[in-house]
Amino acid sequence: MSTYFFASSTYHRGQLAAQRSDMTVSVLCRARIAEAKCVLDVGCGAGQTLRVVEGLNPTASLIGVDPDEEACRAGQGENGRIFFIQAEGEHLPIADGSVDFAICRVALNYMHQATALHELARVLAPGGKLVLSFISFGYTLRQALHPARGGVGQALGNFKDLLAGIALQVLGSQGRRPAFWGRSVPYTSCDWLRRRLRKDACEIAWLGCEGYYLGCATIWWAIISRTK
Ligand SMILES: C[S@@+](CC[C@H](N)C(=O)[O-])C[C@H]1O[C@@H](n2cnc3c(N)ncnc32)[C@H](O)[C@@H]1O
């Protein structure tokens with residue numbers, strides 16, 4: 001059984017069009033992407049968000065990181081100016097403080113979150129920014145109550161994600177990927193994120209919600225700054 005949660009090539013292709021019209025562009029502009037010199041996207045898939053960035057900032061160097069070899073290869077084949085690295089968000093092969101703008105769009109939840117956030121903070125230069133979007137309680141609750149795909153296995157997996165999210169928020173613990181609980185996608189809360197970021201000299205400068213289910217946020221967007 002694969003220990004990663006990879007997305008399909010159809011998903012990556014579809015996201016390029018979607019991100020040109022959803023919240024992505026407005027949040028990147030709010031975080032002043034046009035002023036960035038080096039933009040890193042962790043969990044970049046085939047580089048769909050960085051392709052949007054290409055149009056917003058014509059000069060920054062663009063680096064995409066994803067463990068999915070096929071997605072990296074597909075992105076590299078598009079002939080853009082993005083440099084792809086096949087690697088995990090939990091182990092970024094990038095020097096300390098070398099990036100002034102990072103993006104992690106609906107990908108953090110598929111990683112060991114505390115480790116990946118620590119890595120993102122490590123590679124950010126002081127004053128650097130991170131645009132982060134993440135799955136929150138409402139999304140996972142909706143998946144558990146109304147699974148998007150059928151099958152008993154999928155339904156049980158969705159409940160496991162819900163329990164893993166509660167464990168992360170309440171106990172602060174998340175399983176490692178090869179272990180049983182590590183093969184889940186725990187949701188993230190703004191409170192947990194704020195507490196976690198403080199340990200790495202980062203703070204949330206802006207928060208925006210993309211949608212709600214039964215009054216609970218589904219996806220949050222955050223602009224995070226590295227303070228020192
Ligand atoms: C839902 S897709 C989002 C892709 C892209 N960021 C976007 O917004 O369209 C989640 C991505 O996270 C990647 N991913 C899964 N596990 C990862 C890990 N441990 N480190 C970095 N990326 C990971 C997947 O390969 C996939 O490309």
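**Close-up views of a predicted model**

**View 1. Contact between helix 1 and helix 3.** His12, Gln15, Leu16, Gln19 and Arg20 of helix 1 meet Gln48, Thr49, Arg51 and Val52 of helix 3, two residues being in contact if their C-beta atoms, placed from the backbone, lie within 7 Å. Helices (H or I, at least four residues) and strands (E, at least two) are DSSP runs, numbered from the N terminus. By class, this contact of helix 1 with helix 3 has two nonpolar, five polar and two charged residues; Ala, Val, Leu, Ile, Met, Phe, Trp, Tyr, Cys and Pro count as nonpolar, Asp, Glu, Lys and Arg as charged, and the others, Gly among them, as polar. The model is predicted: local features need pLDDT of at least 70 and side-chain atom pairs count only at pLDDT 80 or more, whereas totals for chains, interfaces and linings use all residues. Residues are numbered from 1 along each chain as its sequence is written.

**View 2. Axes of helix 1 and helix 3.** The axes of helix 1 (residues 9-21) and helix 3 (residues 48-56) come within 8 Å and cross at roughly 40 degrees. Axes are lines fitted to C-alpha atoms, for helices over the stretch in contact, and angles run from 0 to 180 degrees between N-to-C directions.

View 3. Gln48, Thr49, Leu50, Arg51, Val52 and Val53 are the buried residues of helix 3. A residue is buried if 20 or more other C-beta atoms lie within 10 Å of its own, exposed if 12 or fewer, and partly exposed in between. The cover over these buried residues includes helix 1, helix 2 (23-30), strand 1 (38-42) and strand 2 (61-65).

**View 4. The largest nonpolar core.** This core has 55 residues, and Val39, Leu40, Val42, Ala102, Cys104 and Leu120 have the most contacts inside it. Such a core is a set of buried Ala, Val, Leu, Ile, Met, Phe, Trp, Tyr and Cys residues joined through C-beta atoms within 7 Å. Leu40 touches Ile63, Val65, Ile94, Val99, Ala102 and Val123, not counting residues up to four places away in sequence.

**View 5. Two loop residues with positive phi.** Val106 lies in the loop between strand 4 and helix 5 (113-123), and its phi is near 35 degrees. Val106 counts as partly exposed because it has 19 C-beta neighbours inside 10 Å. Leu214, in the loop between strand 7 (212-213) and strand 8 (216-217), has a phi near 50 degrees. Leu214 is exposed, with 10 other C-beta atoms within 10 Å.
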